[in-house]
Amino acid sequence: MPLPQRSISAPAAAREQREMWWHRATGYQIYPRSFADSNGDGVGDIPGIISRLGHLADLGIGFIWLSPVYASPMVDNGYDIADYRAIAPEYGTLEDMDRLIAEARERGIGIVMDLVVNHSSSLHDWFRAARASREAPEHDYYIWRDAAPDGGPPDDQQAAFGGPAWSWVEEVGRYYFHYFSPAQPDLNWANPALRAEIYDMMRWWLDRGIAGFRMDVISLIGKDVDARVYEEGPSLHDHLQEMHREVLAGRDIVTIGESWSVSPETGLLYCGRDRRELDMVFEFSHIREGWDPERGKFAPRPFDLRGFKRELFAWQDLTRHDGWTSLFLSNHDLPRQVSFYADDGPYRREAAKMLATVLHLLKGTPFIYQGEEIGMTNAPFERIDQYRDLETLNHFEAQIAAGVPLEEFIAGARRNSRDNSRTPMQWSPGPHAGFTTGTPWIEVNPNASEINVEQDSAQPDGILAHYRKLVALRRERDIVAFGETEPFLANSPAVMAYQRRLGAQRLVVLGNFTGQEQEVELPDGVEGAGTCLVASHGERHHIPRQLQLAPYESLAVLIS
């Protein structure tokens, strides 16, 4: 599956860099519960994924990031793991998982597992033993504190999903810490026996043939609870360096760490050439730009392109000569990108292509979230009972109790709830969008009759065809994979513009983020004639000093 490794001639200021297979690959995230249901129970499963591998191979992706399929009570849809070496029955069996790994590999696609080791499920055997006795070795696999003098929690720390971060266990007379929900007790990474268990589990999966790990909220594992330091805590990088030595070093895999706190100041501590803890990180500075600084994601702010560009280009600058980065606008925790950043109405197709163009032609590894490649949109839910997401439901209770009007909360959820990306994949205009023959676990977006794979793939200039072209450009063009990024028009509130440079070549990329025509004046030296590699509104082979962009128009011209 991996591409041959070779040294490339990076831009002049960069040192020699060893090319890895994932430098030219595009990832595709599958949320198994919502991707494809093979048995009609309304829940997606592994055999359903296998049945759709042809779609992914046709798209040209290099690897699948598979959200958790492990045994779980599904309090947080699988991000609460009860057994790291077993498959949830609703998703299939371990034999199904082995078949997925093998059949994907036959198509040149790797499987990247979701590694969730900041916390386990409260139903994991480790926690069952830990809560039964203070003397059990597993008791120290978790974070415990005695009650406060009044018998209440040791302090007033709050969980990210709402409510206190401490829960009481009568059997041992202590409180345990959970950064998320009480069903997700945090693991105690200070315990070397726990770390050894995790490393052994990781080796077990790698030996089954997976292509790597996406590491869920990995920047939390070094936390100091008593100091209330959660993200990027004092022992984080010691743990990641040990993980690299014990498990990852010498393997031809890819590792992606999720961090809501990583910044350009700390990014190379994870993935710099001299550190090599991980290959890249998912960072969210460009996502948080759209959140209210106090009330968070459920009170989203109007989209500000200038701030968005500032954050994206800061990471392009950081990884200019060292490290690597991931490129994404969507995932299972985020709203549908065409709804949040652009237009999911009359200009949906143009806007979807524009967002793909400006993202995929940056330097880094792009990720496509299921349905993004056909321009799927946010769900138009109007009632709280239509939502299934634990985070949304918990914040609903807290914010309503705090006096936030119902209509205001629902409006925020329609824009930013995690369920926007979790409605079933829209395969066809048929019943339940071709996702299932049964009743889906969450409602299908009612626009599935117009937005689906079957109809989009029949259009030569469809969104899917546009994505296919972008994926191929990264595989085939050195400048897309490795060129330096030079942004311009930084203060434009309407247009994203940059060029990539590699040797004598320049790739000029432009995208209009508005529904109005935009007059663009480019800096000196940007204009030139060449080859149009991709365009949403007809090919242009010349970039003039001044040009006009149609609503949501995007293009990329290679100039030699």
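This is a predicted model: local features need pLDDT of at least 70, side-chain atom pairs count only at pLDDT 80 or more; totals for chains, interfaces and linings use all residues.
In soluble globular proteins, nonpolar side chains tend to be buried together. Here the largest nonpolar core has 146 residues, and those that touch the most other members are Leu66, Met97, Met113, Met202 and Leu361.

Beyond its neighbours within four places in sequence, Met113 is in contact with Leu66, Val69, Tyr70, Met97, Trp205, Ile210, Gly212, Phe213 and Arg214. Among these, Phe213 is the bridge partner of Met113 in strand S11. Strand S7 (residues 110–115) runs parallel to S11, and four bridges join the two.

S11 (residues 212–215) is covered on both faces, with Gly212 and Arg214 buried on one side and Phe213 and Met215 buried on the other. S11 also pairs with strand S12 (residues 254–258), again in the parallel sense and over four bridges. In this pairing, Phe213 stands opposite Thr255. Between S11 and S12 the chain passes through helix H6 (residues 236–248), forming a right-handed β-α-β crossover.

Turning to the loop, Thr377 lies between strand S15 (365–369) and helix H12 (390–401). Thr377 counts as buried because its relative accessible area is 4%, with the cut-off at under 20%. With Asn447, the side chain of Thr377 makes a polar contact, side chain to side chain, at 2.8 Å.

Key: Residues are numbered from 1 along each chain as its sequence is written. Side-chain values use heavy atoms; hydrogens and water are left out. A nonpolar core is a set of buried Ala, Val, Leu, Ile, Met, Phe, Trp, Tyr and Cys residues joined through side-chain atoms within 4.5 Å. Buried means under 20% relative accessible area, exposed over 50%, partly exposed in between (1.4 Å probe, protein chains only). Contact means heavy atoms within 4.5 Å. A polar contact is a pair of N or O atoms within 3.5 Å; within protein, one must be able to donate a hydrogen and the other to accept it, and residues adjacent in sequence count only if both atoms are side-chain atoms. Two strands pair if DSSP finds at least two bridges between them. A crossover is right-handed if, with the strands pointing away from the viewer, the path from the first strand over the helix to the second runs clockwise.
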